[in-house]
Amino acid sequence: MTALSIPGFTEHRVTVDDGVTLSAAVGGAGAPVVLLHGFPQTRLMWRHVAADLAADHTVICPDLRGYGASDKPAETGPDVYAKRTMARDVVRLAAGLGHDRFVLAGHDRGALVAFRAAMDHPDAVARALFLDVLPTLDMWDALRGVDGAVGFHLYLMAQAPGLPEEMIRGAADTFFGYFLDAWTKNPDAIPADVRAHYLAASAAAVPSVVADYRASAGVDVDHDTADKEAGNKLAMPVTVLQQDWGAALGYHAHSLWSAWTDDLEHRTVSCGHYMAEEDPLLIAEEIRALATR
């Protein structure tokens with residue numbers, strides 16, 4: 001894997017579960033902010049935002065369970081990569097670094113982990129920012145008809161163990177590279193060395209990446225459904241930034257998110273999916289604004 005790091009940050013390894021250690025880049029000083037990466041990326045996606053926030057925050061950028069330099073336990077059951085488990089990892093990581101309460105921001109897959117952390121651990125998550133994602137339950141409902149083909153990878157990786165792993169391994173760079181290319185409006189935001197790092201990291205983690213997605217077609221839906229039926233909502237101030245996926249897929253994102261929180265700031269942005277790399281100043285500003293809301 002290409003050796004790249006966030007300048008000025010140091011690596012910490014924290015055991016968060018039996019046989020599972022997360023690797024996190026930590027830098028800065030001040031009120032803590034935890035940043036969770038998306039797919040097919042690692043914590044490196046936060047390099048610009050983290051460096052900005054480190055001027056007045058302690059910034060923690062972990063590789064999620066199954067990704068990057070963090071441990072990749074075998075998928076011995078549906079809970080191993082449930083967002084509930086991965087969210088608990090994040091809360092334990094922050095506590096292990098001395099922070100029992102923090103602002104949490106997540107992008108893509110990391111946003112789903114952040115959603116579950118905010119739902120399950122409101123005492124730890126003071127505020128939450130979600131980038132370009134819908135909650136798992138709403139995501140599946142939104143993927144309808146031929147327009148839902150944009151989420152083809154969700155259906156592929158939802159299949160039983162074996163087939164998706166073999167297919168993706170057979171063309172890993174093509175598969176993971178497709179998303180880096182197709183979902184970016186500004187290709188220069190992901191330079192060649194960073195792209196190579198993402199591809200190498202993803203190719204080295206095919207079973208755990210697939211397991212993460214497989215959980216989102218099973219146990220994660222069960223957890224979201226239980227919360228929806230119980231009327232549970234996110235207890236903290238929430239900010240959501242998204243592209244206008246709703247225009248293409250026929251849903252109203254603000255309405256969907258409003259069902260999960262009574263304190264919502266929702267905005268549509270003009271940059272591509274990888275907004276922390278395409279417009280890092282905007283994302284850093286949004287995190288600072290949320291932290292003081």
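Student: Why is D227 called buried?

Tutor: In this predicted model, D227 has a relative accessible area of 8%. Buried means under 20%, so D227 is buried.

Student: Where is D227 placed, and what is it in contact with, leaving aside neighbours within four places in sequence?

Tutor: D227 is in helix α10, residues 219-230. Beyond those sequence neighbours, D227 is in contact with R84, R116, M119, N232 and W260. Contact here means heavy atoms within 4.5 Å.

Student: Which residues of α10 are buried, and what do they pack against?

Tutor: V219, D220, V221, H223, D224 and D227 are buried in α10. The buried residues of this helix pack against α2, α3, α4 (136-142) and α9 (206-216).

Student: How does the reach of α10 from its first C-alpha to its last stand against the expected value?

Tutor: Helix α10 has 12 residues and reaches 17 Å, close to the 16 Å expected at 1.5 Å a residue. After α10 comes G231, with a positive phi near 75°.

Student: What is the corresponding result for α2?

Tutor: Helix α2 has 14 residues and spans 20 Å between its first and last C-alpha, close to the expected 20 Å. The residue that follows α2 is G98, whose phi is positive, near 95°.

Student: Which residues of α2 are buried, and which strands does the helix lie across?

Tutor: The buried residues of α2 are K83, T85, M86, A87, D89, V90, V91, L93 and A94. Helix α2 (residues 83-96) lies across β1, β2 (20-28), β3 (31-36), β4 (57-62) and β5 (102-107). Its direction is at about 125° to β1.

Student: Which strands does α14 lie across?

Tutor: Helix α14, residues 280-291, lies across β3, β4, β5, β6, β7 and β8. It runs at about 150° to β6.

Student: In what order do the strands form the sheet, and what is the pairing?

Tutor: The 8 strands form an open sheet in the order β1-β2-β4-β3-β5-β6-β7-β8, and the pairing is mixed.

Student: What makes β1 and β8 edge strands?

Tutor: Both β1 (10-17) and β8 (264-268) pair on one side only. On average, neighbouring strands in this sheet are turned by 20° against each other, direction ignored.

Student: How do you know that β6 pairs with β7?

Tutor: Two strands pair if at least two bridges are found between them. There are 4 bridges joining β6 (residues 125-131) to β7 (residues 238-242), and the two strands run parallel. A128 stands opposite V238 in β7.

Student: How many bridges does β6 have with β5?

Tutor: Strands β5 and β6 pair over 6 bridges, in the parallel sense. A105 stands opposite L129 in β6.

Student: What makes β6 mostly covered?

Tutor: In β6, 7 of its 7 residues are buried.

Student: Why is T15 called exposed?

Tutor: T15 has a relative accessibility of 57%. Exposed means over 50%, so T15 counts as exposed. T15 is in strand β1 and touches V20 and T21, not counting residues up to four places away in sequence.

Student: How far is T15 from P207?

Tutor: Their C-alpha atoms are separated by 21 Å, and the two residues are 192 residues apart along the chain.

Student: Which residues touch the most other members of the largest nonpolar core?

Tutor: That core has 100 residues, and L35, W46 and F130 touch the most other members. Helix α3 (residues 109-120) gives the most to this core, with 8 residues.

Student: What is L35 in contact with, leaving aside neighbours within four places in sequence?

Tutor: The contacts of L35 beyond those neighbours are W46, V49, A50, L53, V59, I60, C61, P62, A105 and I287.

Student: Are C61 and C271 buried or exposed?

Tutor: C61 has a relative accessible area of 0%, and C271 has 11%. The cut-off for buried is under 20%, so C61 is buried and C271 is buried.

Definitions and conventions
Residues numbered from 1 in each chain as written. Predicted model: local features only at pLDDT ≥ 70, side-chain atom pairs only at ≥ 80, totals over all residues. Heavy atoms only, no water. Buried < 20%, exposed > 50% of the residue type's maximum accessible area, 1.4 Å probe, protein only. Axes fitted to C-alpha atoms, helices over the stretch in contact; angles between N-to-C directions. Core = buried A, V, L, I, M, F, W, Y, C linked by side-chain atoms within 4.5 Å. Expected span 1.5 Å × (residues − 1).
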